[in-house]
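Subject: Structure handover

Hello,

Here is the model we talked about, passed on for you to look through. My notes follow directly below it.

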Amino acid sequence: MVILTVLSYICHKIERNMGNNILKGKKGIIFGALDEKSIAWKVALKAHEEGAEFVLTNTALALRMGTINQLAEACNAKIIPSDVTVVEELETLFNESVQALGGKLDFVLHSVGMSPNVRKKRPYDDLNYDFFLKTLDISGVSLHKVLQTAMKLDAINEWGSVVALTYIASQRVFPDYSDMAQAKAVLESIVRSFGYQYGMAKKVRVNSISQSPTNTTAGSGVGGFDAFYQFAEKMSPLGNASAEECADYCVSLFSDYTRKVTMQNLFHDGGYSFTGISSEIMESFKG
Ligand SMILES: NC(=O)c1ccc[n+]([C@@H]2O[C@H](COP(=O)([O-])OP(=O)(O)OC[C@H]3O[C@@H](n4cnc5c(N)ncnc54)[C@H](O)[C@@H]3O)[C@@H](O)[C@H]2O)c1
């Protein structure tokens, strides 16, 4: 009898890829999976492993350029294109997702960022202001658009969870992060302000995760990425957090184990944000 119980537990784990089913029955939308390096890609795999059902979304261009079809197949997920800056497209996305998943949502991942100024290597004291507004819209204001659209359509269940990704350059200067720093400051502020509104109205939580430098298309596009990746690695008592570890954290925030966490900017950086200087960095300055 005991052997049978153990065997059935093992089979169940294998079937679910060794997950713990902490998202069983939960439905969501995941923004921002471009290729297998993307943080959103890892979150999708992990959420699937934990029993969630979800829709994947990205811009029509990214859907053509990236490899999202492979991910959709692995996660048995539908892909619905949307540009996160276009409210009409978000309305279609939320309506069609609720329909496709057969009910309201429990989680949304906003894993979106882009700066035309960074992409075109404009120095911070010679920004193109049309580009700057685009950076703010895509990487910051878009979170408001996602939240407002979801709230108006009443698309998220009570105790649902919205998680956005951010970077510490919103609060400290990292020169090459350029106008993305302002976009992330906007994003983190929206987390607090909308988190209050959505919490009061519908008991929906809103948080951001401030992630370590991670080698992805967006991450490695920032000038000097390798240097500040190495620097952060040496400054963090636990080392940099990987994309997979970020996915674990996201999944915990989508789960029912974090129901009273809201309006927070949560550092997921191996301790980097609270380290003044590490012994390793000290050593590198000794003669
Ligand atoms: N990589 C890092 O070092 C790092 C560190 C901290 C935070 N982040 C944040 O993590 C998130 C995910 O980035 P990533 O590192 O996985 O890189 P990524 O390039 O894989 O993901 C960025 C995604 O944003 C999407 N996107 C861009 N413009 C869009 C638009 N108008 N509408 C919809 N989607 C759009 C892209 O297609 C892409 O899928 C971003 O918010 C990024 O700022 C990254």
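This is a predicted model: local features need pLDDT of at least 70, side-chain atom pairs count only at pLDDT 80 or more; totals for chains, interfaces and linings use all residues.

Strand S6 is covered on both faces. Arg205, Asn207, Ile209 and Gln211 are buried on one side. Val206, Ser208 and Ser210 are buried on the other.

S6 spans residues 205–211 and pairs with S7 in the parallel sense, over 4 bridges. Gln211 sits opposite His268 of S7 there. S6 also pairs with S5, again parallel, over 6 bridges. In that pairing, Ala164 has Ser208 of S6 as its bridge partner.

The sheet as a whole

The open sheet has 7 strands, and the pairing is parallel. Their order is S3-S2-S1-S4-S5-S6-S7. S3 and S7 (265–268) are the edge strands. Each has a single partner strand, so one side of each has no neighbour in the sheet. As background, strands of a sheet pair through backbone hydrogen bonds, parallel or antiparallel.

Strand S1 (residues 27–31) is another covered strand. All 5 of its 5 residues are buried, so the rest of the structure largely encloses it. Lys27, Ile29 and Phe31 point one way from S1, and Gly28 and Ile30 point the other way. In general, side chains of a regular strand alternate between the two faces of the sheet. S1 pairs with S2 in the parallel sense over 5 bridges. Lys27 has Glu53 in S2 as its bridge partner.

Trp159

Trp159 lies in strand S5. Is Trp159 buried, exposed or partly exposed? It has 14 C-beta neighbours inside 10 Å, so it counts as partly exposed. Beyond its neighbours within four places in sequence, Trp159 is in contact with Lys203 and Arg259. Trp159 and Thr258 are 99 residues apart in sequence, but 9.5 Å apart in space, C-alpha to C-alpha.

The ligand shell

How many residues surround the ligand? There are 27, and the closest are Ser38, Gly113, Thr216, Ala218 and Gly219. Helix H2 (39–49), strand S5 (156–166) and helix H9 (217–220) are the elements that give two or more residues to this shell. The largest share comes from H9, with 3 residues. By class, the shell has 13 nonpolar, 13 polar and 1 charged residues.

H2 is mostly covered, with 9 of its 11 residues buried. Among them are Ile39, Ala40, Trp41, Lys42 and Val43. Ala44, Lys46, Ala47 and His48 are buried in H2 too. After H2 comes Gly51, with a positive phi near 95°.

In H4 (residues 68–75), the buried residues include Ile68, Leu71 and Cys75. Seen down the axis, the buried residues of H4 fall within an arc of 55°, so they line one face of the helix. The general rule is that an α-helix has 3.6 residues a turn, so residues three or four places apart point the same way. Asn69, Gln70, Glu73 and Ala74 are exposed on the other side of H4.

What do the buried residues of H4 pack against? They pack against H2, strand S2 (53–57), helix H3 (60–65) and strand S3 (78–79). H4 is followed by Asn76, whose phi is positive, near 55°.

The chain overall

The chain has 12 helices and 7 strands. Of its 287 residues, 44% are buried. A compact globule of 287 residues would have a radius of gyration near 19 Å, and the chain agrees, with 19 Å. Along its principal axes, the C-alpha trace spans about 65 × 50 × 40 Å. Take the contacts between residues at least 6 apart in sequence: 75% of them join residues at least 24 apart.

H9 gives the largest share of the shell around the ligand. H4 has its buried residues on one face and exposed residues on the other side.

Best regards

Note on methods
Residues are numbered from 1 along each chain as its sequence is written. A residue is near a molecule or strand if its C-beta atom, placed from the backbone, lies within 6 Å of it. Ala, Val, Leu, Ile, Met, Phe, Trp, Tyr, Cys and Pro count as nonpolar, Asp, Glu, Lys and Arg as charged, and the others, Gly among them, as polar. A residue is buried if 20 or more other C-beta atoms lie within 10 Å of its own, exposed if 12 or fewer, and partly exposed in between; C-beta atoms are placed from the backbone. The arc is that of the directions from the helix axis to the C-beta atoms. Two residues are in contact if their C-beta atoms, placed from the backbone, lie within 7 Å. The radius of gyration is taken over C-alpha atoms; the globule rule is 2.2 Å times the number of residues to the power 0.38. Two strands pair if DSSP finds at least two bridges between them.
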